[in-house]
Amino acid sequence: MSPQKTCAVTDELKALGVTTLEDQWNSRNPNAVLFGIVEDYNSICQSKKGSQDYYQSIKLVDPTTTGTNEGITTLLFHKLSTALMEQIHYGDILIVRDARIGAFFGKRQAIVKGKEKVSSWCAIDASNLQPRVVKDMPFELSDDHRRIAKILRDWHHSIVPTMSAIPKQRASHQQLTTEQINENVTYFNYVGMVVSFRRRSDKGPVEMILTDYTPNAIPMKGEERVGAISPRLLIQCTLWDKDADECPDLEYGDFLRLRNAKRKVGYYQEIVVRPGFSPETQSRKVFKLEDENDQAVIDIKRRKKEFERSQRHPAADHSQPEITMEETWTAVEHTASHATLEHILNDNSVENVYTTRAAVLDVKPRNLRDWMKKWCIACEWIEDVDAVACRQCHQPINEYTLMFSFLLQDHDNRRLQLHIYGEEPKVMFENLKDIRPDDEYIEALRENIDRILSTNSVKPEIAFDFGITSYMTIDGERRFRLCSTVFHFD
C-alpha cells in the first residue's frame with residue numbers, strides 16, 4: 001500500500017476516535033484503548049507466583065507501526081483462563097481497554113491487568129467481522145467498533161499478498177535452498193530436514209528448526225550447534241492456524257516440503273507459512289517427504305555428508321570457553337535451539353524455552369545455608385526453612401528445596417541472572433537429590449559449586465549448556481529460570 005493510502009486509512013481511523021498505536025506509544029497513555037491487527041500471539045499461561053493469574057501475549061500492528069516493524073505486544077492478565085482468548089487467530093482485530101503502555105527490554109509493551117468493570121477486550125474474526133465469544137469477558141461492540149474493525153481488516157488484507165495478487169508466472173513458486181532466500185524473494189517452496197519440532201498447544205502455532213545444509217544469510221546468533229549442525233546452516237520456520245493444524249508431528253531427521261512459504265527477518269532470517277485470505281491460498285502447504293529418491297532429499301543428504309566430513313578435524317578455537325567433558329559437564333533434556341544471551345534478553349516472547357552456553361561467574365546468596373527452603377509440592381509454594389505449613393494451601397510441608405541464582409556470562413560478555421528453585425535443584429544435582437539442612441549436605445553442595453564457578457570474567461575457565469525458560473512476574477517483570485539441565489561430575 002502506498003504512503004498516501006496508508007495516511008488515508010489512518011485519517012479514517014482517527015475520524016472514528018481511534019488513537020493509533022504509534023500515538024499511544026508516544027504518549028505512554030496509562031489507560032489506553034488499543035485497536036490493532038493480531039500479528040502474533042502465545043497460548044494462555046498461568047503465573048507461578050503472586051496471585052497466580054492467567055495471562056496471554058498478543059502482538060498488535062496497525063498502519064502506523066508496520067513500517068518500522070515494531071507493533072505493540074499486549075499482555076492480558078486475568079484471574080480466569082476463560083476470560084482470555086483461546087480461539088484468537090492471526091489477522092483478527094483486537095480491541096483492548098485500560099492498557100498501560102511502556103517499554104520492556106527495549107520493546108514496546110502494553111500491560112492489561114483485567115480489573116473488573118474497567119479492563120476488557122474483544123477479538124473480531126477477520127473473515128466475517130463477528131466477535132469471537134469469550135465466556136468470561138463480556139464486551140458490547142458498537143457500530144463504530146465494527147467500522148473500525150472493517151477498516152483495519154481491509155487495510156491488512158491489502159498489505160498481505162494473496163495468490164491472486166501474485167503474477168501468474170510466479171504462481172507455481174520456485175523451490176529455493178536456504179542460501180537462495182533473500183530480500184528479493186517473496187513467496188517460494190522449500191525442502192528441508194527437521195532439526196527440532198515444537199507445537200505450542202493443540203490449536204497454537206508450530207515452530208521448527210530446519211536445515212538443508214546451505215548457509216542462512218542472516219543466521220541465528222550463537223556459536224554452538226544443535227546436535228552436530230552449525231547455526232549458520234539452520235533456519236527457523238513457524239506455521240500458523242490451518243497450516244499448523246494440518247502439519248503432522250515430525251522428528252529430527254524427517255524431511256518436509258513447504259509450499260507458498262514467506263521470508264521474514266527479525267533478529268535473523270526465518271520462514272513463515274500462514275493461510276491467506278483468498279480460496280487459492282487455503283490448500284495444504286506442509287508435507288512430510290517419504291520418498292528417498294526425491295532429488296531435493298538426495299541433495300540434502302549429499303550436503304550433510306560433506307558437512308560432517310568437514311567437521312572431523314576442526315581447528316580448535318581457543319577464544320571460546322571449553323567444557324572439560326571428563327570432569328564437569330551438563331546435559332540439557334529438551335530440544336530448544338541454542339541462542340545467545342543477547343537474543344534471550346531481547347526476545348519479545350513472554351514465555352519461551354531456550355538452550356544457551358555460558359559460564360557461571362557468581363551465585364546469590366553467597367551463604368549456601370541461605371539457599372535452603374521448604375517446598376510445598378501441592379501448590380508449588382516456597383517457605384522459609386523453619387516453616388511447618390504452607391501459607392497458601394495450609395498443608396504441612398516437610399520437603400526441602402534450594403532457592404538461589406547464577407550470574408551467567410556468554411562469549412559475547414552478555415550477562416543474565418538465572419533463578420533456580422522448586423524441583424530443579426533436585427534435577428540439576430543428581431548426586432544431591434536428598435536435600436537436607438545439615439553440614440554434610442552443605443559441604444557437598446559447596447564442592448559442586450566450586451567445580452562450576454569461573455573466577456576469571458575476562459576468560460572464564462569453563463562453560464556449560466543451560467536450559468532456560470522465561471516467565472513473567474505478576475508485576476510485569478520478565479525473568480529467567482533454569483529448566484531441564486543436569487550437571488554431571490565425573
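1. Start with N260, which sits in strand β12 (residues 255-265). This is a predicted model, and in it N260 has a positive phi of about 60° even though it is not a glycine. Is N260 buried or exposed? N260 counts as buried because its relative accessible area is 9%, and the cut-off for buried is under 20%.

2. You'll find H394 in the loop between β18 and β19. With a relative accessibility of 61%, H394 counts as exposed, since the cut-off for exposed is over 50%. So N260 is a buried case, whereas H394 is an exposed one.

3. Going from K364 to P365, the bond is cis, with omega near -10°. P365 belongs to the loop between β16 and β17. Keep that loop in mind, as W371 lies in it too.

4. Now the rings. How many aromatic pairs does the structure hold? There are 11 of them. Take W371 and F404: their ring centres are 3.9 Å apart and their planes meet at 5°, so this pair is stacked; planes under 30 degrees apart get that label. W371 comes from the loop between β16 (353-364) and β17, while F404 comes from strand β20 (residues 404-409), so the pair ties together parts that are 33 residues apart in sequence.

5. Both partners are tucked away from the surface by the numbers. W371 is buried, with a relative accessible area of 0%. F404 counts as buried as well, at 4% relative accessibility. F404 has another ring partner, F406: that pair is edge-to-face, at 5.5 Å centre to centre and 65° between the planes. F406 is buried, like F404.

6. Three strands form an open sheet in the order β18-β17-β19, with antiparallel pairing. β18 (381-383) and β19 (400-402) stand at the edges; each has a single partner strand, so one side of each is left without a neighbour in the sheet. On average, neighbouring strands here are turned by 50° against each other, direction ignored. Looking at one of the pairings, β17 (residues 372-376) and β18 run antiparallel and are joined by three bridges. Within that pairing, K374 has E383 of β18 as its bridge partner.

7. For a parallel example, go to β4 (residues 72-78) and β6. These two strands pair in the parallel sense over four bridges. T74 has its bridge partner in β6, namely A110. Strand β6 (residues 107-112) is mostly covered, with five of its six residues buried.

8. Helix α1 is worth a check of its geometry. α1 covers residues 3-15, and at 1.5 Å a residue its 13 residues should span 18 Å; the end C-alpha atoms are 18 Å apart, which agrees. Which residues of α1 are buried? They are T6, V9, T10 and L13. These four cover an arc of only 100° around the axis, which puts them on the same side of α1.

9. What about the two sides of α1? Part of what covers its buried residues is α3 (143-159). The face turned away from the buried side carries the exposed residues Q4, K5, D11 and A15. Just after the helix, G17 takes a positive phi of about 90°.

10. Finally, the overall tally. The chain has eight helices and 24 strands. Of its 490 residues, 51% count as buried. Among contacts in the chain with a separation of 6 or more, 66% are between residues 24 or more positions apart. The W371 and F404 pair, 33 residues apart in sequence, is one example to look at.

Technical notes. Residues numbered from 1 in each chain as written. Predicted model: local features only at pLDDT ≥ 70, side-chain atom pairs only at ≥ 80, totals over all residues. Heavy atoms only, no water. Expected span 1.5 Å × (residues − 1). Buried < 20%, exposed > 50% of the residue type's maximum accessible area, 1.4 Å probe, protein only. Arc of directions from axis to C-beta. Contact = heavy atoms within 4.5 Å. Pairing = 2+ DSSP bridges. Axes fitted to C-alpha atoms, helices over the stretch in contact; angles between N-to-C directions. Phe/Tyr/Trp six-rings, centres within 6.5 Å; stacked < 30°, edge-to-face > 60°.
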